[in-house]
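Come along and look with me.

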Amino acid sequence: MNEHDRHIPFARLHNVRDLGGLRTADGGSVRWGLLFRADSLGKLRADEGADEAERADWTRFRALGPRAVVDLRYDWEIDAKGRVPELPGLAYHQLSIEHRPYDQAALGPDVEPGPYLAERYLEVAHDGVKEIRGVLDVIAASAAAEEPLVFHCASGKDRTGLIAALVLALLGVPEDAIVEDFALTGLASDRLLADWRATHPDAGEIWPGYGKAPAEVMTLFLAALTERYGSLRGYADELLGTDEEFVGALRRALVTG
């Protein structure tokens with residue numbers, strides 16, 4: 001399996017991938033077609049004014065068979081950029097896990113992505129305990145029902161990356177594979193930057209780290225949680241209230257082999 005097997009191409013979406021195929025430490029494999037991560041589904045259009053590319057995107061999205069969407073963005077982001085179009089049988093959950101907004105594009109060139117973003121992720125991990133547990137509960141319920149679910153934020157990188165790392169850790173995926181999955185956003189970085197430039201045509205300099213997902217970010221984040229809680233699973237058990245029953249059910253639903 002290579003990185004392109006899990007990356008799903010769209011015209012307007014840039015960072016969609018299936019978490020299926022990732023191997024667990026005990027020899028299992030995350031099931032395909034049940035858990036997807038993405039950038040903002042507000043880019044999808046299902047109305048009559050959609051152009052050919054947008055119609056193709058909507059068809060491709062529906063072909064994934066999603067029965068639930070978890071939107072990790074703030075209310076104001078949804079108001080400004082929209083949400084996934086309504087679809088019969090598609091449940092929509094908005095759980096804003098980040099409590100302290102920050103403007104990545106406006107950061108100065110001397111800000112190093114690894115340490116800076118890892119600190120922001122730690123803030124989210126501690127500020128958003130209630131919402132993160134809510135996300136896990138929705139994912140667990142969808143997985144138990146064998147219903148595909150998509151979770152996303154704006155770029156599908158930071159908040160989405162945190163949730164992906166947490167779920168994969170609970171499934172028993174090794175940390176090196178979690179870091180590799182995070183860094184796959186590099187396939188979308190140029191397009192994410194182009195989108196920002198298109199919507200901010202008069203903007204000047206932009207943070208060199210914008211839209212990028214260097215492995216160091218996730219490595220530092222995981223190391224910090226491990227230092228404090230023993231592991232990402234330890235963080236989940238202590239702060240999110242996960243236990244063997246919850247994790248066992250999640251693994252039975254999402255891991256095969």
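What covers the buried residues of H2? I found that the cover includes strand S4 (68–71) and S6, counting contact as heavy atoms within 4.5 Å.

A note on how to read this: the model is predicted, local features need pLDDT of at least 70, side-chain atom pairs count only at pLDDT 80 or more, and totals for chains, interfaces and linings use all residues. Residues are numbered from 1 along each chain as its sequence is written, and side-chain values use heavy atoms, with hydrogens and water left out. Helices (H or I, at least four residues) and strands (E, at least two) are DSSP runs, numbered from the N terminus.

**Helix H2**

I looked up which residues of H2 are buried (under 20% relative accessible area; exposed is over 50%, partly exposed in between, with a 1.4 Å probe and protein chains only). They are Glu54, Asp57, Trp58 and Phe61. These residues cover an arc of only 100 degrees around the axis, so they sit on the same side of H2; the arc is taken from the directions from the helix axis to the C-beta atoms. On the other side I found Glu52, Thr59 and Ala63 exposed.

Next I checked the ends. Aspartate 51 caps the N-terminal end of H2, with a side-chain oxygen 3.1 Å from the backbone nitrogen of alanine 53. After H2 comes glycine 65, whose phi is positive, near 75 degrees.

**Salt bridges**

I counted 21 salt bridges in the structure, each a side-chain nitrogen of Lys or Arg within 4 Å of a carboxyl oxygen of Asp or Glu. Aspartate 51 turned up again here, paired with arginine 12 at 2.6 Å, N to O. Arginine 12 lies in the loop between helix H1 (3–6) and strand S1 (17–18), and aspartate 51 in the loop between strand S3 (35–38) and H2, so the pair ties together parts 39 residues apart in sequence. Both belong to a network of salt bridges that links Arg12, Arg45, Asp47, Asp51 and Glu54.

I then turned to glutamate 123, which is buried, with a relative accessible area of 19%. Glutamate 123 forms a salt bridge with arginine 120, the closest N and O atoms being 2.9 Å apart. Both lie in helix H4, three residues apart, about one turn of the helix. Glutamate 123 also forms a salt bridge with arginine 100, at 3.6 Å between the closest N and O atoms.

**Glutamate 131**

My last entry is on glutamate 131, in helix H5. Among the residues it touches are Leu95 and His99.

Technical notes
A polar contact is a pair of N or O atoms within 3.5 Å; within protein, one must be able to donate a hydrogen and the other to accept it, and residues adjacent in sequence count only if both atoms are side-chain atoms. Lists of a residue's contacts leave out its neighbours within four places in sequence.
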